[in-house]
Amino acid sequence: MPQFEPDFFSSLIFWEVISFGILLFVLYKYAFPGILSALEEREKKIKDSLDQAEQHRSEAERRLKEYEAKLNTAGKEAEAILATAKERAQRLLDENEQRLTAEAERIKGDATRQIEQERRKALQDIRAQTTELALMVAEKVVQRSLVEADHKKYADEALEALSKSQPR
Amino acid sequence: MVLFKLRTPSRAEFCSRALAFRGFGMAPSQDPLYAGLGQAVRIGTELLAALIVGGGLGWAIDAYLLESAPWGLVVGLVFGLAAGIRSVYRSVQRWQEAVDNSNNRE
Amino acid sequence: MEESPLHQFELQRWVPISIGGLDLSINKAVVFMWVVIAVAAVLMVMAGSSRKLVPGKLQSLAEMMVDFIRTMIMETMGKDGMRFFPLVATLFVFILFSNYIGLIPGAYTVTSQIIVTAAFSFLVYGISLVVGFSIHGVKFLGILIPPGTPGWLVPLMVPIEIISQIARPISLAVRLFANMTAGHVMLAVLFGLTISGGLLIGWLPFVFTVAIYLLEFGIAFIQAYIFTILTCVYLGDAFHLHGHEEHAH
């Protein structure tokens, strides 16, 4: 095999070392940094956009939850408002009824009292007129004028006796 | 091949796939075709090289140190065989680890 | 048959150079080393200087390659290993381009020279030893005693481990050389048969020639890959010293 003949070993090793050294230098200096950084940049970009997507998703989820919570509280609030409104209406109704009843009571009472008063007054009037009438009759009967006071006294006595004997 | 399944991947799947594509996940070295061929070629040479080195060392001891021919060569070949088998065992083990790792990652 | 299938590996001194009795002549293999590094440097530098977010074909190929090597290093050595990235990546690029340029008919496959592959493998192995001793000191000799070896086995294990350590660079060099040589020998034989077979039966070896040629494209990559991953593994062993054997990274 020609490869095992050592005639060319020295030149092959020498030129291999030189060539490899040059290639290593050139790639190290001019190729690898650019390729590596482009690679890293792209990886970073992909990772960033994945992160961002994740962030957006969690943000959306958070918003949804918030919205749902809000909806929930709003429903509860509406219920509460309705309940208080109902209660108030009921209370108002009750109050009105009570007041009206009381008012009616009061009016009835007033009317009764007035009637009683009128009746008494009418009775008094009748008594007074009856007294005068009796006096006139007595004067006419006696034909003689007594001292007014005496007359009245007799008359009152007579009337007293009359009202006692006569039940109302 | 996962790539040809016609269904929408889940988000996690998509991410891991995107990462794998960029070399974060499954390494090219674990690509079954290349790894398999590579291993097959590797193991034969390793066994042979160890045998040659063992035999060569034994022969050198025979010829230059102890003049004990042929025992140096025989013992050297036995040791060489043992070394070869150990290397093969080691590379298979390493390969197995790599395969396990990639399976665990998926 | 007109010529030996090994004829393609023979070299002539094209430009004889001798310095201090050392022969540094320029021959076909040397010229193709230059071709390899020129093509590799031009393509890689071009790929490295066009920094678009959505890359072109060249840039994405180069990026795939770089990513590939980076992943290799990360898996075998971890983040600290990235300081060997330039060495490992250049090695991969050199071998890959050598293998592919060698597939062009009439070109010379630099990696079919045992001395070339051996120089690379001993360079790599030497670096791994330097790294091992500079990190772990004398303890690095412990690499000869696998963890969990019972005491009475040590005298047996040490020679075995010495042999397998020496076998490392040798197998690394031989594998690449043998694969490249075998492929080209096979192609030469088949192509010779095609020529000598003539139109009547020549088509059969020709079909095989094409098939093997296509296969060699795969081999060219796989061999560059194996050389590089083993480089990483050896460097990683020097880095971690037993860390790898008992449990995964």
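## Burial and the basis of the model

A residue is called buried if 20 or more other C-beta atoms lie within 10 Å of its own, exposed if 12 or fewer do, and partly exposed in between, with the C-beta atoms placed from the backbone. By that rule, buried residues make up 42% of the 249 residues in chain C, and 24% of the 106 residues in chain B.

The structure is a predicted model, in which local features need pLDDT of at least 70 and side-chain atom pairs count only at pLDDT 80 or more, while totals for chains, interfaces and linings use all residues. Residues are numbered from 1 along each chain as its sequence is written, and chains are lettered from A and ligands numbered from 1 in the order in which they are written.

## Chains B and C in outline

Helices (H or I, at least four residues) and strands (E, at least two) are DSSP runs, numbered from the N terminus. Chain C has seven helices and two strands, and from the N terminus on, its elements follow the order β-β-α-α-α-α-α-α-α. The C-alpha trace of chain C spans about 70 × 50 × 45 Å along its principal axes. Chain B has three helices and zero strands, so that its elements, read from the N terminus, run α-α-α.

Two residues are taken to be in contact if their C-beta atoms, placed from the backbone, lie within 7 Å. Among the contacts in chain C with a separation of 6 or more, 63% are between residues 24 or more positions apart. In chain B, 55% of the contacts between residues at least 6 apart in sequence join residues at least 24 apart.

Two packed helices are described by the angle between their axes and the distance between the axes. The axes are lines fitted to C-alpha atoms, for helices over the stretch in contact, and the angles run from 0 to 180 degrees between N-to-C directions. Angles under 35 degrees count as roughly parallel, over 145 as roughly antiparallel, 65 to 115 as roughly perpendicular and the rest as oblique.

In chain C, the axes of helix α1 (residues 28-49) and helix α2 (residues 57-76) come within 8 Å and cross at roughly 100 degrees, and α1(C) and α2(C) are therefore roughly perpendicular to each other. By class, this contact of α1(C) with α2(C) has six nonpolar, two polar and no charged residues, where Ala, Val, Leu, Ile, Met, Phe, Trp, Tyr, Cys and Pro count as nonpolar, Asp, Glu, Lys and Arg as charged, and the others, Gly among them, as polar. On the α1(C) side the residues are Leu43(C), Met44(C), Met46(C), Ala47(C) and Gly48(C), and they meet Leu58(C), Gln59(C) and Ala62(C) in α2(C).

## The kinked helix α5 of chain C

Helix α5 (residues 154-201) of chain C has 48 residues, yet its end C-alpha atoms are only 61 Å apart, short of the 70 Å that a straight helix would reach at 1.5 Å a residue; the expected span is 1.5 Å times one less than the number of residues. A kink of about 55 degrees in α5(C) is centred on Ile195(C), the bend at a residue being the angle between axes fitted to the seven residues ending there and the seven starting there.

The axes of α5(C) and helix α6 (residues 203-240) of chain C come within 9 Å and cross at roughly 170 degrees, which makes α5(C) roughly antiparallel to α6(C). The contact of α5(C) with α6(C) has 20 nonpolar, six polar and three charged residues.

## Where chain A meets chain C

The contact between these chains takes 30 residues from chain A and 40 residues from chain C. The side of chain A that touches chain C has 23 nonpolar, five polar and two charged residues.

Within this contact, α1(A) and α2(C) pack at an angle of about 85 degrees, with their axes 10 Å apart, and are therefore roughly perpendicular to each other. Ile35(A), Leu36(A), Ala38(A) and Leu39(A) of α1(A) make the contact with Ala62(C), Glu63(C), Val66(C) and Asp67(C) of α2(C). By class, the contact of α1(A) with α2(C) has six nonpolar, no polar and two charged residues.

Ile35(A), in helix α1 of chain A, counts as buried with 27 C-beta neighbours inside 10 Å. Leaving aside its neighbours within four places in sequence, Ile35(A) is in contact with Ala47(C), Gly48(C), Ala62(C), Glu63(C) and Val66(C). Phe8(A), in the segment before α1 (9-142) of chain A, is also buried, with 23 other C-beta atoms within 10 Å, and, with the neighbours within four places in sequence again left aside, Phe8(A) is in contact with Leu11(C) and Asn27(C).

Arg91(A) lies in helix α1 of chain A but counts as exposed, with 10 C-beta neighbours inside 10 Å. The C-alpha atoms of Arg91(A) and Gly21(A), which are 70 residues apart along the chain, are separated by 101 Å.
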